[in-house]
Every structure is written in structure tokens, then in C-alpha cells.
Amino acid sequence: MELDLAGAELKAVLNRLRRAQGQISGVIRMIEEGRDCEEVVTQLAAASRALDRAGFAIIATGLQQCLTEMEDGRRSSESRDEMRARLEKLFLSLA
């Protein structure tokens, strides 16, 4: 399944990933500085949520593209059941 992120979709995903990257850098810095465990875990959880949201946005975009391709008859090599199984596997990988 090839993903074609365009314009606003791509920008939103990249923003989420950059936010997560910044949060992870912050977590590393906090650990190096010996910061409070609760603060570190809170920031780590925020980074994890940002990564999850980016992943779900990518999957949702891929799902929309696959459905459009199926409706247009451009995706004949893969059955609906095969596509459903692949998308379900992707969703579960983020669960």
C-alpha cells in the first residue's frame, strides 16, 4: 500500500512528528539532568501520544486513498478482504 500524503495532510503529520521529536529530546535532557520521575513520564507520555496520532493520521489517509482507488477500479490486484486485513494489522500495530 503506497501512501500519497499531500498538502495539509502531510504538513499536519510532519508537525506531529516534529512535536514528538522535540518532546523526546526534552525527555532525554530531563533524564540527563536528573529531573523528577513524574515529569519525565508525563513528557514521555505526551511524545507517545504525538507519535500515535501521527500514525493514525497516516493510516486514515491510506485508508481513504485505498477506498477511493477501489471505487475507481484502480486497485484490482488486491481484494477488499486482503486490504481490510492489512489495514487492521496497521491499526493494531498502534494499539
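Let me start with Gln 23, which lies in helix 1, spanning residues 7–32, where helices are DSSP runs of H or I with at least four residues, numbered from the N terminus. What we are looking at is a predicted model, in which local features need pLDDT of at least 70 and side-chain atom pairs count only at pLDDT 80 or more, while totals for chains, interfaces and linings use all residues. Residues are numbered from 1 along each chain as its sequence is written, and side-chain values use heavy atoms, with hydrogens and water left out.

Gln 23 is buried, at a relative accessible area of 16%; buried here means under 20%, exposed over 50%, and partly exposed in between, with a 1.4 Å probe and protein chains only. Leaving aside residues up to four places away in sequence, Gln 23 touches Gln 43, Ala 46, Ala 47 and Ala 50, a contact being heavy atoms within 4.5 Å.

Now to the salt bridges, each defined as a side-chain nitrogen of Lys or Arg within 4 Å of a carboxyl oxygen of Asp or Glu, a rule that gives a count of two. Arg 35 pairs with Glu 33, with the closest N and O atoms 3.5 Å apart, and Arg 35 also forms a salt bridge with Glu 39, where the closest N and O atoms are 2.7 Å apart. Through shared partners, Glu 33, Arg 35 and Glu 39 are joined into one network. As for accessibility, Arg 35 is partly exposed at 38%, and Glu 39 is partly exposed at 34%.

Key. Helices (H or I, at least four residues) and strands (E, at least two) are DSSP runs, numbered from the N terminus.
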